[in-house]
Amino acid sequence: MHYALHTSTIMEWLSSLMTTDKAIKGALIIHGAALVGTVLLALDQWRSECETKPPQPKPQYITQDTEDALKLTTLETLLGHYNHAIRETAVKIVCDRAVNDKDTLDQLLRGVTRPNYDERMKNLRALAVITDPHSLDKLHTWKAYAALVRSLELSLDPDQEVLNSDDWDEYPLRDMTEKLCLMFISQLVGTFDCEKLIKAKFVEKWLSKQNWGATEDERQQNYAAYLRSKTNRLAEIMSCIRQSPAGREALQKCGLFPLPEVSDSEPDDDDTHLVERFSVLFPETLDVTSLDANHPTRVLLRSFQTTQTSEDQRDRNQRHREAMVLNDGSHPITSDDIIQRDPASPA
């Protein structure tokens, strides 16, 4: 009996000892993991503090004074630099200096008028490199327009085919010198106007010498068809010229635009017909026909007739414009699409 009680006590002690050992092992494992994590975190922070980071470069801008201080030898060295950004900056500085230097620009404009093809091409390419939309106004001078027209004149093709095809655009096959000159002119007339281009005789010296056809009627028809069917730079220039009164006059002189219709009745130098027309407005005792030509009454009659003539002309132009826009716009305008106003119908 006593032996059995002693054995039970030993078993309980062993059982409690095993339970306490598991708790101790668990606590040791938890504390060990926490210690390892703390050490790793401390090492990571220490590594971050000891790491030396290179300073971030601050953006530095080149001022105009710095650009002006750069010598040509320095720019030449920068143009050969391995860094693309440095080369691009050097190129921009060189182009800005060239386009703002009057002597350099004049030399390039003289170069585009040389009879030698390679020399013209070299100067045209240089002119294309140094100019941009911000410096385009440097070429908006009569000298620049005259130089471009002269370059076009030297590039005329004597064996050019007749420009009578609505489905084929010949512009991509034109000479490179022509396309460069037309590029400049298109940008200029699109930004400013075409008056200086017309004064430089662009129509007479180059546009009219294109192969529009043999007869005057054929030339006018092909010219109008080119405007309707093409959307290249040349068509843009032609459209701008046609919208200008001076341009239309130049086109009419060269046979590319029809002359205005002239009334069958010859104008009478004497204004007697005006007196007869407006005689009911004056007293019967006033003999207007006996008045001097400079008399205020006769001057008033002539001014009134001029006003009526101007109004009639505006009405005719309005009817013409309405006829030109009466189409759906889904295809190039043809004679079948143009709806003419009946002259007998009221305005």
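A salt bridge here is a side-chain nitrogen of Lys or Arg within 4 Å of a carboxyl oxygen of Asp or Glu. You are looking at a predicted model, where local features need pLDDT of at least 70, side-chain atom pairs count only at pLDDT 80 or more, and totals for chains, interfaces and linings use all residues. Residues are numbered from 1 along each chain as its sequence is written, and side-chain values use heavy atoms, with hydrogens and water left out.

Start by selecting Asp 106 and Lys 143: their side chains form a salt bridge at 3.8 Å, N to O. Asp 106 sits in helix α5 (residues 102-111) and Lys 143 in helix α7 (residues 142-154), so the pair links parts 37 residues apart in sequence. Helices are DSSP runs of H or I, at least four residues, numbered from the N terminus. Asp 106 is buried at 12% relative accessible area, while Lys 143 is partly exposed at 45%; buried means under 20%, exposed over 50%, partly exposed in between, with a 1.4 Å probe and protein chains only.

Next, select Lys 253 and Glu 249, whose closest N and O atoms are 3.7 Å apart in a salt bridge. They lie four residues apart in helix α13 (residues 245-253), about one helical turn. Lys 253 is exposed at 66% and Glu 249 partly exposed at 42%.

Finish at Arg 174 and Glu 170, a salt bridge at 2.9 Å between the closest N and O atoms. Both Arg 174 and Glu 170 are buried.

Key: Helices (H or I, at least four residues) and strands (E, at least two) are DSSP runs, numbered from the N terminus.
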